[in-house]
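I opened this entry to record what I looked up in the structure. The notes go element by element.

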Amino acid sequence: MSDFETVAATEDQAARRGVSGEPGTPDRVGVPQRPRSLAGDAWRDLRHKPVFWISLVLVVLVAAMAAVPSLFTANDPRDCLLSRQHAAASGGAVFGYDFQGCDTYARAVYGARASLLVGALSALLTGAVALVVGMVAGYFGRWVDAVLSRVIDIVLGIPLLLAAIVLLKRVSTSSDTVRLFAVIFVLAVLGWTTAARVVRSSVITAKEQDYVAAARMLGAGNGRIMWRHILPNALAPAIVVLTIALGSFIAAEATLSFLGIGLKAPTISWGIEIDAGRVHMRESATPLVVPSAFLALTVLAFIMLGDAIRDAFDPKLR
Amino acid sequence: MFRFVLRRLLQMVLAFFGTTLIVYALMFAGQGDPIQALAGERPVTPAQRAYLTEKFHLDRTGVGGFFYRYFDYLRNLLQGDLGQSLTGRSIGDILAAAWPVTVKLAVIAMAVTILFGVTAGVLAGIRRASLFDNATLVLTLLVLGIPTIVLAPLAQYLLGVRWPLFPPTAGADPDLYALLLPGIVLGSLSLATALRLTRTSVAENLRADYVRTARSKGLVRRRIIGVHVLRNSLIPVITFLGVELGNLMSGAIITEGVFNIPGVGFNLFRGIRTEDGPLVVGIVSVLVVVYLVANLVVDVLYAVLDPRIRYE
């Protein structure tokens, strides 16, 4: 069984050499001639794109900021003194102080954690739900597909911001962690549909392929076919959609926090900072501009990254 | 066609019940003692309690009672009775005063989108891979990547406070000039999407067979693009604009909040800030219906505009 699969995989790749349009599994079988897989082609394409590198550097920077904020600033973001309200830059505070006398730069740096945590966890949760629903709907078809597709249609018809407002108004806890997970959960519940549609359509394409029929003839069960043969095909488009979704989840978190129903102080979030800076923009604009720039650059980085990866994986654009 | 409209209507009814049920279940059901919540800290006499219990059908318990009250809420919603906000104003009145402002804002945003987005999209699509095309792609990516909560306050600061070209806030009964900057901010997002959509659509249609035929017939370029290509490429754009109009009506929460425009979104913004539960639920319920109807109209419009699309 496994012998045959290796042979089949090698043959499959050999047949595909030169043809770069076929959706295929990333090449992990150590064939000496190094056949060109889709992932390999995409990587070759990506390597020469400045947009890809710029966005990747930004994403890594923000991730590092979220993981170890003390690397970027020595100041404590919660060390606020009213006596230095809107004071000019001094010491480690490169952007000066905000209305409450907190270090603007330090607060922006520490805000990365909440944003990235919400973005990444919602994207992961979304991905898990989308993969399961999309795979089941696409693979089993018929009434299962009909029911699941209608569910997707209905959830897709719910406006995200309005629904999030209603759902989050219900959360009246004062615990920061619970609030964080409530935001993640709400975003995932409302945001899984696009990815599920993408997975479903790639599963439908993949299940008609010859190698799936071959695997079935050899007696592979539904679970094995889905896991080994169909999932790898659905993964690449799903990852692209989720990278872009990660950016929009970060924006959504900031928007909800800005409105005052997402994360709440003492949690440091860019949305809260922007709202606070907005109120006092006439006295000093830096507390508004700095977190705004951090948020915009982070969201942009993820969207550009997803865009670049999609261009690389889409053979039609090559 | 008829079957399609019917199916789409059924789907909308399902979505309507689904969303209103969620809104209702989350906001009203499951709270400890609604009568005490209504009275606040004051004591409730047995007579008042009996009256309110009967008025709101609170004596029915269990799942049956829940649905009984849910249909009560639905009937009120459909009859336009949205109840009162915590400050005692009728939510229907608040909305009636707010709608014209929101519609005005949405129309400005839509005009900006069509004027700049669609025009630039057509130009970029015709001159694909030119400097203009690449510049618009980068610009639209920037606009798409920058959230409204960044764009709106920054525009307000730069163009309203730092270089006072526009009034920074609108205030009660705003004129067209005061709504211009918020309209541009609100429209910028749909502008970017509309531009990209138009560009792709025009570029695709320029390669179509009928364009080659028209060219070989000897038609002038202006006629080919103005009549043949535009007609075919604007179908998806029009449907997108329809969806956006629905979105703009409901999605102006941030923009209206930041620029202090007394529209629907602003009232929702204020309702959230002041923890006014009934106001939030009332507005959200109405907006959900507006959103669903807009989507339905657009879907039907799509089928009417493009006969190539066949819905079984």
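Predicted model: local features only at pLDDT ≥ 70, side-chain atom pairs only at ≥ 80, totals over all residues.

**Helix α12 of chain B**

Next I asked how many residues of helix α12 (residues 264-273) of chain B are buried. Eight of the ten are, so the helix is largely enclosed by the rest of the structure. I listed the buried ones as B:Val264, B:Gly265, B:Phe266, B:Asn267, B:Leu268, B:Phe269, B:Gly271 and B:Ile272.

From chain A I noted α6 (160-169) and α10, and from chain B α5 (91-126), α11 (253-259) and α13 (277-305).

**Nonpolar core**

I looked up the largest nonpolar core and found 160 residues in it. Those with the most contacts inside it are A:Ala164, A:Ile165, A:Ala195, A:Val199, B:Leu105 and B:Val284. Helix α10 (residues 222-259) of chain A gives the largest share of this core, 19 residues. From chain B, domain 1 (2-78) and domain 2 (96-305) each supply at least three residues.

Leaving aside neighbours within four places in sequence, I found A:Val199 in contact with A:Ala130, A:Leu131, A:Gly134, A:Met135, A:Gly138, A:Ala234 and A:Ala238.

**B:Leu241**

I placed B:Leu241 in helix α10 (residues 221-250) of chain B. Is B:Leu241 buried or exposed? It has 21 C-beta neighbours inside 10 Å and therefore counts as buried. Not counting residues up to four places away in sequence, B:Leu241 touches B:Met110, B:Thr113 and B:Ala194. I also noted that B:Leu241 and B:Val298 are 57 residues apart in sequence and 8.8 Å apart in space, C-alpha to C-alpha.

Terms used. Residues numbered from 1 in each chain as written. Chains lettered and ligands numbered in written order. Core = buried A, V, L, I, M, F, W, Y, C linked by C-beta atoms within 7 Å. Buried ≥ 20, exposed ≤ 12 C-beta atoms within 10 Å, placed from the backbone. Helix = DSSP H or I, 4+ residues; strand = E, 2+ residues; numbered from the N terminus. Domains from an automatic or database assignment. Contact = placed C-beta atoms within 7 Å.
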